[in-house]
Amino acid sequence: MVKKEPINRRLKNYWEKFGKQWQLQSMAIPGVVYMIIFNFIPIYGLVIAFKNYTVIDSIGNADWVGWQNFEIVMKDRYFWQSVVNTLAISGLKLLFGFVLPIIIAIMIYELRAGVFKRVIQTISYLPHFLSWIILGGMLITWFSTTGMINQLLQMFGIVTQQNHMLDANKYWWIAALSDVWKEAGWGTILYLAVMSKIDPTYYEAAKMDGAGRLRQVWSITIPMMKSIISLNFILAVSGLFNSNLDQTLVLMNSQNQQKSEVINSYVYRLGLQQGDFSYATAVGLGVSIISVLLLVVTNLVTKKLNDNKSVL
Amino acid sequence: MEKATVKKMVASMCVAIVFVLLVSGCGGSSSKDSKEKTAKLPSLGKRYTLDKAEPAWKLDTKKETTKLTWYVNADWWNTEFGTDMITKKIKEDLNIDIEFIVGDDTKLNTYFAGGDMPDIVSIFDSNSTVARKANTWAYPLQDLADKYDPYFYDVASKDTLNWYKLSDNKTYGYPDYSNAAADYKSGDIYSRDAFIIRQDVYEAIGKPDMTTPEGFVKAMKLIKEKFPDLIPFGFNDFAKDGSSNGSMDGVIQDMLGVPYTDADGNYYDRNVDKDYLAWIKAFRQVHADGNISDDSFTDDGDKFKEKVSTGKYATMMIGSFVNQGIALQEFATNNPTEKYIAVDGIQSTEGNEATLTQAGISGWMINYISQQCSDPAKAIQIFTYLQSEEGQMLTNFGIEGETYTVASDGKVSYTADALKVQNENPEAWQKEYRIGEFIQFGHDKYKALSDDSYVEAVKQMQEWGTDKLEPQFATENIGPDAGSQEARALSAIQTNWSTTLVSMLRAKSDKEVEQLIAKYKKFEKENSIQAINKVRNEKIAENKKKLGIK
């Protein structure tokens, strides 16, 4: 057993140490305070998931209803429909949207520095800066009966005069691919930053050993990016339930709603538009819990892949 | 060492518990008190003695300017006060200074959660919890009028006050544009829905009969032949989330005179009405012929406006054409011979007359005086002032002699100077005059006093609708309460209806339409339509009681 120091002595030590670090602490404390005020205190509001809360009540005096809201959620087929849609759209986004930025980043990295590289980079970032309101309007026009997509299809001899946004079966693909198109370029930034840190002597050594371009990418670039790829993967998987609200609200219409309603838009519609706060909070809380579970599980899996080191 | 860890744990848990208690304490206390507080009105003292024949704002001797906050639940509300002609006059007359606050439902909720309410609150949804539980946070208008300003009863509509009474027999909110049955009869309010067609198209196709489904389908074909560049038939935009279906359900049903209640006075499911479905089949045929564009289902409000202002649609079932007034006027100004005109079309196959609707007795914006109002006497004076002839003329037309004149027949017209500003400098018109914008207590009957209240392009349409208006007060606000099981089920049904409607319009055959409607009826049954209709019927009965009809 370690000999215990008297408590006031320890406190004094603590404050001394604190005083020495005051520059660092003064930078950290505002962040901590911010977290407490905006991220932790609002957690208290989650109790309305167990209450029958209306605007007129305060959170404190609304009636407790126990698990009732959750029971209704479990039986609500629209909720389940929105879960299926969310997972399908997020799954497609993950499938294409996760790999594509890595490939693009490697391709950009392999380009010789110059005007062409910079132009390519800028063009690929561009859609990221347009909001979904603008982009969604563009998409709706493109997919309309006389829009770009139909004109292209007609050019290739595929005769069609339909409005693709009204076809529910196409919605998942439209949502996923348009999101990938919007964000893929932006997603390369992190990878490019990591790649720029790779020691060029590795490549030189590999070249000496006769490794070709692809071999270098496979054996040097990708292994060096392993931890950042894992980190991105964990974040992407834990965000599976968090599909894009802005996008959904813009692209949804009464014909594709069955396939386009995602959890977020469902919560938004019930909670904010119809004033059913307790119910919407119950849905939100349930989804958050599942998301945390996903985060933990993917972390365990990627740990295995990263020599038992967690990247979180 | 173990002991130390345990101690640490206990200590941190204590901190956590104290923290949670603190936080929950904050949230719970404030509005709990207000819930149990009964409205106790401060005494007038020696400020003025009540006079039934004189509005209290003329009697009030309060010297210092009263500062009031007025929350309007709309982002677009102009928050300036006292800088333009109209609010400057209000400021002088009432000796007040109003600070407007604007926001959306989230902000409104924050006010309630925080318990620190503005003096006056204007909201839009008369079926919301805020409105239905107004007795917990607002003063009853009757109490205020009795105590501070009995003249209020002279200017407020009795029907409207009655309509907004809560279960305690008191009225808490007062709306603008609330039309009583008398207003419908007066001819001062105009219809706003019509079947319209481009004049050049109408003449070119020989003014065919479009009142029957068969005639309608044929006419659309004819239009397609003669005007291949135009879309033969269009309608208002559908809401993205299925919460409204443009002009293709309610408005069409009104055109056909589909009843709102059945013979027993119970709720009538208009969407499955036979007459209506006969027309749905006609529209289906029009769509199958390629004469309705699929884009009409995905266009948003802006795109619709654009198509209206460029005359893209040959004919339109247009709902709320007043809201499209600028677009309609733009097209009419640029193409005087092609302007849209209302004609007879889309009529009942069963011989029913059209029963068009307008703003009902529930009105639009609803105004409340909160229980935390710093000077409730002044607040009710504002309500009285704005509803009185004086206030109405001011907010609708400005100041007599300066911006408008009244002819001997009572017709109001703007002065030459005012008209010049209106036509040449719309921005100054808005900023300096603010005519027709301060509308918390507006009413169409004052608009009717002037010929300049509506744009030229809609006047023929309004004329067409004369005598077609029919009040439907009994079925206003009969939706189930938010948060109830029925409300959730109804929302599901409405979403399903929206999908069903568009699918019917895009169906390949009439048989498919029948299958779709059968599926919809089944869906209704599965989603407790009976319980919903029970709520509706109860509310209809309540409404009738309030309105004094059997």
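At what angle do the axes of helix H4 and helix H8 of chain A cross, and within what distance do they come?

**Entry 1: the helix pair.** I worked from a predicted model. I looked up helix H4 of chain A, residues 77-110, and helix H8 of chain A, residues 168-195. Their axes cross at roughly 40° and come within 6 Å. I therefore recorded H4(A) as oblique to H8(A), since angles under 35 degrees count as roughly parallel and those from 65 to 115 as roughly perpendicular. I noted the crossing of H4(A) and H8(A) as right-handed. Sorted by class, the residues in the contact of H4(A) with H8(A) are 25 nonpolar, four polar and two charged.

**Entry 2: the sheet in chain B.** I then turned to an open sheet of five strands in chain B, where the order reads E2-E1-E3-E9-E4 and the pairing is mixed. Strand E2 (96-102) and strand E4 (173-175) of chain B form the edges, each pairing on one side only. From one strand to the next, I found that the twist averages 25°.

**Entry 3: between the chains.** Which chains meet, and how many residues does each bring to the contact? I counted 44 residues from chain B and 40 residues from chain A. Together the two chains bury about 3,600 Å², with 54% of it on carbon and sulfur atoms.

Methods. Residues numbered from 1 in each chain as written. Chains lettered and ligands numbered in written order. Predicted model: local features only at pLDDT ≥ 70, side-chain atom pairs only at ≥ 80, totals over all residues. Heavy atoms only, no water. Pairing = 2+ DSSP bridges. Helix = DSSP H or I, 4+ residues; strand = E, 2+ residues; numbered from the N terminus. Axes fitted to C-alpha atoms, helices over the stretch in contact; angles between N-to-C directions. Parallel < 35°, antiparallel > 145°, perpendicular 65-115°, else oblique. Left-handed = near helix turned anticlockwise from the far one by under 90°. Nonpolar A, V, L, I, M, F, W, Y, C, P; charged D, E, K, R; others polar. Contact = heavy atoms within 4.5 Å. Buried area = accessible area lost by both parts, 1.4 Å probe.
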